[in-house]
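Please inspect the sequence and the structure before working through them.

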Amino acid sequence: MPAKSEKTGKEQPRRRQARGERRIAQLLEAAASVFCTTGYTAASTNAIAREAGVSPGTLYQFFPNKEAIAIELGERLMSEMRRTYGEALAPVDPATPLEEAVGAAVDRFIDFNCRHPVFYTLMHGSDIPGRMAEEHDALHATLIGRVEALLTPFLPDTPAADVRRTAEVCVGIYKAGLELVLAHEGEEREAYVRELKNVLLRYLAPLVD
């Protein structure tokens, strides 16, 4: 009997922890919806609690304010985005057609942003929390470096400074196109994705040839 009681005692904290994680995930999902609908500035903890179907008091058990919610949400998304970088911008064989390399990278990034539209809302708003802004800047620098590494095999005789500049232009083009992609849905969204790929290819092709 004591052994059973000891086992039950250990399981209870684990169950409480699991319930807490589910509640946090529920609140973050609700926050993502509210941020996308109203923007970060206009969002409130009351609106997030309402979207999650819980009381404000329940929300405050896990987060002291909406900035803490945004930071937690942003950190989770940036972690996933870093994994996306690794998959989308892995080194490729120089024999790989440029169109194939560009298309695969764009598709992975678009997929991430379409699944998590709040990432764009938080990272490109003028009112992004300071800590998130710093982490986003670091993430952006990492992205430039990965794009630079992806382009280098296609531009073997190009000075490193020029490859870096080309990587920065590619990222700028992508970000400008992403806003248009996210503003549309269905077939129209797919059309904008194709246009984005075409713009990148037309920019890069003369440099690679």
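The exercises below each give a task and then a worked solution.

The model is predicted, so local features need pLDDT of at least 70 and side-chain atom pairs count only at pLDDT 80 or more, while totals for chains, interfaces and linings use all residues. Residues are numbered from 1 along each chain as its sequence is written, and side-chain values use heavy atoms, with hydrogens and water left out.

**Exercise 1. Describe the largest cavity and its lining.**

Step 1. A cavity is a set of points on a 1 Å grid over the protein atoms alone where a 1.4 Å probe fits but cannot get out; lining residues have an atom within 4 Å of a point. The count is 1 cavity of 30 Å³ or more.

Step 2. The largest cavity holds about 370 Å³, a volume being the space filled by probe spheres set on the points, which are joined across faces, edges and corners.

Step 3. Its lining comprises 27 residues, with F109, L143, V147, V171 and Y174 nearest the centre. Two or more lining residues come from each of α4, α5 (98-115), α7 (130-151), α8 (160-182) and α9; helices are DSSP runs of H or I with at least four residues, numbered from the N terminus.

Step 4. By class, 22 lining residues are nonpolar, 4 polar and 1 charged.

**Exercise 2. Describe the largest pocket and its lining.**

Step 1. A pocket is an open set of points with protein on both sides within 12 Å along at least five of seven lines. The volume of the largest pocket is about 200 Å³.

Step 2. Among its lining residues are A25, E29, R76, E80 and H116. The elements giving two or more residues to this lining are α1 (2-38), α4 (66-88) and α6 (117-123).

Step 3. The lining has 7 nonpolar, 1 polar and 4 charged residues.

**Exercise 3. Which residue forms a salt bridge with R76?**

Step 1. A salt bridge requires a side-chain nitrogen of Lys or Arg within 4 Å of a carboxyl oxygen of Asp or Glu. The whole structure has 8 salt bridges.

Step 2. The partner of R76 is E72, with the closest N and O atoms 2.7 Å apart. Because R76 and E72 are 4 residues apart in helix α4, about one helical turn separates them.

**Exercise 4. Characterise the annotated regions 44-63 and 21-81.**

Step 1. Residues 44-63 are 65% helix and 0% strand, with end C-alpha atoms 12 Å apart. Residues 21-81 are 77% helix and 0% strand, with end C-alpha atoms 21 Å apart; strands are DSSP runs of E with at least two residues.

Methods
Ala, Val, Leu, Ile, Met, Phe, Trp, Tyr, Cys and Pro count as nonpolar, Asp, Glu, Lys and Arg as charged, and the others, Gly among them, as polar. UniProt positions are given in the numbering used here, feature names are shortened, and annotations may be inferred rather than shown by experiment.
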